[in-house]
Amino acid sequence: MDMAERVMEAIRPLDRHELEAFISQSPLYSPHRQVLPSYMTHIAPKVVLIRCDLCKAVMPFRSMDGDDWYLPVEVRHINPKGPLRTGLEEKMSGVYEFYFRCSSCDTNEFLCWIHVDYDKDTIRKVGQTVAWSIAIPKELEQDLGGDATYYKKALVLLSQGYGIGACAYLRRIVEDQINPLLNILYEMKQREGADQTALDEITEGIKRKDFTSKIETAAAILPASLMVEGHNPIKLIHDQLSINLHSLPDEEVMAIALRLKTAVEYAVVELNRQKRSKQKFIEDIKSLAKDKV
Ligand SMILES: [Zn+2]
């Protein structure tokens, strides 16, 4: 993102999808600064993604109709006033309560409290009923091998709002994992029947010492099946790692670290999944061939 884009980003008001992503992903007490709409009810969140411990997976949790979360908790409890005697006024700072229920089991509930500060144009989670997890997902832990320790450290730092530290560990993981990922991409390209020049370019990328050009090679050859709604997660990793963090305020660094975490997790798990499903396919074919004999 260049400076002009970053300025535009900063003055564009928070929208519903951004609030939903914030509720789904942000750890506690980490401030997000962005222009806020005059009434929080204008960006009423509908669905957030939370790990449901009954369904044992990340599930969509939906908001309930008819709750009055759009008033700060203290106003609701203490002093409903204002022209409609509902207490609703423009730009009310305070703690807002958000209530969701798992759309799969229809049982598990998720409550989240967000401090909205109109003076500073920031939102900050101050509580939630499903703990922000510093547990590493099983599949990712296996795929990362020895680097899983770095990932756990990154999660702990994120949970405490230390974005720069988290970014340093995530970079370390990408540096270690880029060659294994390039190898998987090489095999995928080979199976797709890519010509020798294309394959040689990947081999060159693997041999190179320079980390940035390795990641550029990986981004350029990522198959369309691994794009997320048109976005290239490897390019996203490259872009986040190219930002000079030391010139940025803490909350912007946290946003970068959270994006980086999501993209690293996705790229590592999805590429390894492709590799595993191919291996399983080959084994299945072999055992079928054996049965025939
Ligand atoms: Zn559930």
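**Note on the predicted model: strands, domains and a helix pair**

1. E5 and strand E6 (residues 122-128) pair in the antiparallel sense, over six bridges. Pairing here needs at least two DSSP bridges between the strands. Strands are DSSP runs of E with at least two residues, helices runs of H or I with at least four, and both are numbered from the N terminus. In this hairpin four residues lie between the strands, and aspartate 121 has a positive phi near 55°.

2. This is a predicted model: local features need pLDDT of at least 70, side-chain atom pairs count only at pLDDT 80 or more, and totals for chains, interfaces and linings use all residues. Residues are numbered from 1 along each chain as its sequence is written.

3. Strand E4 (residues 94-102) runs antiparallel to strand E5 (residues 109-117), with eight bridges joining them. Their hairpin has six residues between the strands, and aspartate 106 in the turn shows a positive phi of about 60°. Isoleucine 114 in E5 stands opposite tyrosine 96. Isoleucine 114 also stands opposite lysine 125 in E6.

4. The protein divides into domain 1 (3-128) and domain 2 (138-292), with bounds from an automatic or database domain assignment. Their centres, taken over C-alpha atoms, are 32 Å apart. Eight residues of domain 1 contact seven of domain 2; contact means C-beta atoms, placed from the backbone, within 7 Å.

5. Which residues of H8 and H9 meet? Ile215, Glu216, Ala218 and Ala219 in H8 meet Ile234, Lys235, Ile237 and His238 in H9.

Note on methods
Two residues are in contact if their C-beta atoms, placed from the backbone, lie within 7 Å.
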